[in-house]
Amino acid sequence: MSSMAAWHVLRLLSHRSVLYTLCLISIVALVSWFAVQWLHVTAMSEAHRSFEQGNYPTAIQFAERYLSEHPSDQGAMLLLARSYGQMGRWAEAEAYFGQVPLRKLDDFHLRARGLVARRLWAEAAMVYEQILQTWPMDGRALEQLSRIRIQQERDEEARVLARRLIGIPSYEVAGHLILGTIEYHHNSYPRAVESLEEVVRRSPDLKSIPGDATTVLEMLAESLLVLGRAGEAEVYALRARDLSQSAESCWLLGMARQHQGDPDGARQYWEET
């Protein structure tokens with residue numbers, strides 16, 4: 001082989017070597033890119049799987065890892081908000097809830113629950129108002145918003161919401177209870193009795209009463225006492241005492257006996273306190 005031919009062969013081999021090297025580099029880069037994408041997809045898949053299994057710390061770990069590479073990914077932020085919320089880490093949950101648009105009713109309620117837990121009444125009220133714009137007959141939102149309005153001393157708004165609650169079959173008791181509580185604290189005892197007796201009528205075993213049934217019975221007994229209906233007050237005060245043996249119920253029983261002309265019976269109940 002002449003020197004010229006040998007030179008052409010070497011040149012051809014050199015070009016092929018460069019092409020092979022470039023192809024190899026491209027393949028490695030492509031494989032690396034797919035590997036990274038696979039890891040990211042796997043991270044979110046693991047995050048969702050852990051969340052569904054109730055393993056919220058692991059869900060947070062994977063979702064945070066994914067979010068560090070995709071800082072604007074709303075799916076990851078929403079999953080983090082849900083996970084932190086399920087753990088009761090409300091400040092962290094709100095930090096993510098505030099960055100994503102919510103569409104599911106459960107997400108709205110979880111966010112509002114965290115705000116209520118932190119006593120952020122105005123912010124929680126805004127979330128419940130958002131719920132009612134889309135789901136106007138959502139009983140949970142109506143009940144919680146009415147209670148927030150009481151906290152904010154906006155009782156007339158609370159009354160309006162409570163009346164709406166009464167129109168929802170599974171929330172009738174809650175609606176009457178909120179109305180009765182408002183009237184009791186405003187010393188409107190006839191209206192308080194009307195609403196609170198409706199609570200007891202609709203829940204005779206007291207099991208569907210939201211909150212402390214003893215308090216409901218004691219408010220009712222006290223209101224009846226003020227109205228001079230001592231015999232009826234005694235009936236409810238006895239039920240309250242049987243539930244909790246509270247000092248308040250014994251005091252009410254004593255007052256009921258005294259109003260009925262039985263000072264010895266009154267003294268006996270008062271001694272129980």
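The chain has a mean pLDDT of 88, with 85% of its residues at 70 or more; pLDDT is the predictor's confidence in each residue, from 0 to 100. This is a predicted model, in which local features need pLDDT of at least 70 and side-chain atom pairs count only at 80 or more, while totals for chains, interfaces and linings use all residues. Residues are numbered from 1 along each chain as its sequence is written, and side-chain values use heavy atoms, without hydrogens and water.

Start by selecting residues 6-10, where pLDDT stays under 50 and the model has 2 contacts (heavy atoms within 4.5 Å) beyond four places in sequence. Where pLDDT is low, the predicted coordinates should not be read in detail.

Next, select α8 (residues 155-166) and α9: their axes come within 7 Å and cross at roughly 155°. Axes are lines fitted to C-alpha atoms, for helices over the stretch in contact, with angles from 0 to 180 degrees between N-to-C directions. The pair is therefore roughly antiparallel (over 145 degrees). Among the residues that meet are Ala158 and Ala162 in α8, and Ile178 and Ile182 in α9.

Show side chains here: Leu177, Thr181 and Tyr184 in α9 meet Val216, Met219, Glu222 and Ser223 in α11.

Key: Helices (H or I, at least four residues) and strands (E, at least two) are DSSP runs, numbered from the N terminus. Angles under 35 degrees count as roughly parallel, over 145 as roughly antiparallel, 65 to 115 as roughly perpendicular and the rest as oblique.
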